[in-house]
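Open your viewer and have the selection tool ready. Each stop below tells you what to pick and what is there.

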Amino acid sequence: NKLTQLSPEMHKMVLLQDLNISYNHLEEYPQVLNKGDFSFTMQYLDLSHNLLTKIPADIARLKNLTILKLAGHFWDAGALPDELGELKKMEQLDLRGLLTVSDWLWQDEPRQRHGLPPSNKADHAVINEQEFLAYV
């Protein structure tokens, strides 16, 4: 597939629960997902391996999402919104290939914002549970 956008008419698919639009050419989060009944029906969303650089806070509208796949993107700084934490039913969040995690996790400002102590670790490849939960 080489989709660059989703059809605006997609909001009419009121019973859609699973959507795999991985390996396309989407440059932005599909705003059509903010319409219709997707906030109640969508449980699985795979946006992996597109051309996304950020995810908007609007993703938190998908309250019943249990699996979100965002692997294989070159994320801008601040690309993953804090609102991801509002997805209380989330069971799986796939961020494989996330290139900014180590940069983000070892900067002072994000650590302070999430109540983490300054890092004195020599090995930044290993993180503890508290650091992981602060990131996601």
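## First stop: a salt bridge in the model

Start by selecting Lys12, which counts as exposed because its relative accessibility is 56%. The side chains of Glu9 and Lys12 meet in a salt bridge, with 2.5 Å from N to O. Glu9 has a relative accessibility of 43%, so this residue counts as partly exposed.

Keep in mind that you are looking at a predicted model. Hence each residue carries a confidence score, the pLDDT.

## Second stop: the other salt bridge

How many salt bridges does a search of the whole structure find? It finds 2. For the next pair, select Lys63 and Glu86. Their side chains meet in a salt bridge at 3.9 Å, N to O. Lys63 sits in the loop between strand 2 and strand 3, and Glu86 in the loop between strand 3 and strand 4 (92–94), so the pair ties together parts that are 23 residues apart in sequence. Lys63 is partly exposed, with a relative accessible area of 44%. Glu86 is partly exposed too, at 39%.

Stay here and select Ala60. Ala60 also belongs to the loop between strand 2 and strand 3. Is Ala60 buried or exposed? Ala60 is buried, because its relative accessible area is 6% and the cut-off for buried is under 20%. Leave out residues up to four places away in sequence, and Ala60 touches Glu83, Glu86 and Leu87. Ala60 and Gly85 are 8.1 Å apart in space, yet 25 residues apart in sequence.

## Third stop: the whole protein

Zoom out and switch to the cartoon view. The protein has 4 helices and 4 strands. Read along the sequence, they follow the pattern β-α-β-β-β-α-α-α. The protein has 136 residues, of which 40% count as buried. Take the contacts in the protein with a separation of 6 or more: residues 24 or more positions apart account for 52% of them.

Now colour by pLDDT. The average for the protein is 81, and 71% of the residues score at least 70. Which element has the lowest mean pLDDT, and which the highest? Helix 2 (residues 101–105) has the lowest, at 55, and strand 1 has the highest, at 97.

The 4 strands form an open sheet in the order 1-2-3-4, with parallel pairing. Look at the edges: strand 1 and strand 4 each pair on one side only. From one strand to the next, the twist averages 5°. In general, strands of a sheet pair through backbone hydrogen bonds, either parallel or antiparallel.

Zoom in on strand 1 and strand 2. These two run parallel and are joined by 3 bridges. Select Asn20 and look across. Opposite Asn20 stands Asp46, in strand 2.

Next, select Leu19, Leu45, Leu47 and Ile55. The largest nonpolar core has 26 residues, and these four touch the most other members. In soluble globular proteins, nonpolar side chains tend to be buried together.

Keep Leu19 selected and show what surrounds it. Leave aside its neighbours within four places in sequence. Leu19 is then in contact with Leu6, Met10, Leu33, Met42, Tyr44, Leu45 and Asp46.

Move on to Thr41, in helix 1. Thr41 is buried, with a relative accessible area of 14%. Not counting residues up to four places away in sequence, Thr41 touches Val14, Leu15, Leu16 and Gln17.

## Last stop: two positive phi angles

Select Tyr23. Where does Tyr23 lie? Tyr23 is in the loop between strand 1 (18–20) and helix 1 (38–41). Check its backbone: phi is near 55°, a positive value in a residue other than glycine. Tyr23 counts as exposed, because its relative accessibility is 54% and the cut-off for exposed is over 50%.

Finish at His49, in the loop between strand 2 (44–46) and strand 3 (67–69). His49 has a positive phi of about 55°, although it is not a glycine. With a relative accessibility of 31%, His49 counts as partly exposed.

Technical notes: Residues numbered from 1 in each chain as written. Predicted model: local features only at pLDDT ≥ 70, side-chain atom pairs only at ≥ 80, totals over all residues. Heavy atoms only, no water. Buried < 20%, exposed > 50% of the residue type's maximum accessible area, 1.4 Å probe, protein only. Salt bridge = Lys/Arg side-chain N within 4 Å of Asp/Glu carboxyl O. Core = buried A, V, L, I, M, F, W, Y, C linked by side-chain atoms within 4.5 Å. Contact = heavy atoms within 4.5 Å. pLDDT = per-residue confidence, 0-100. Pairing = 2+ DSSP bridges. Axes fitted to C-alpha atoms, helices over the stretch in contact; angles between N-to-C directions.
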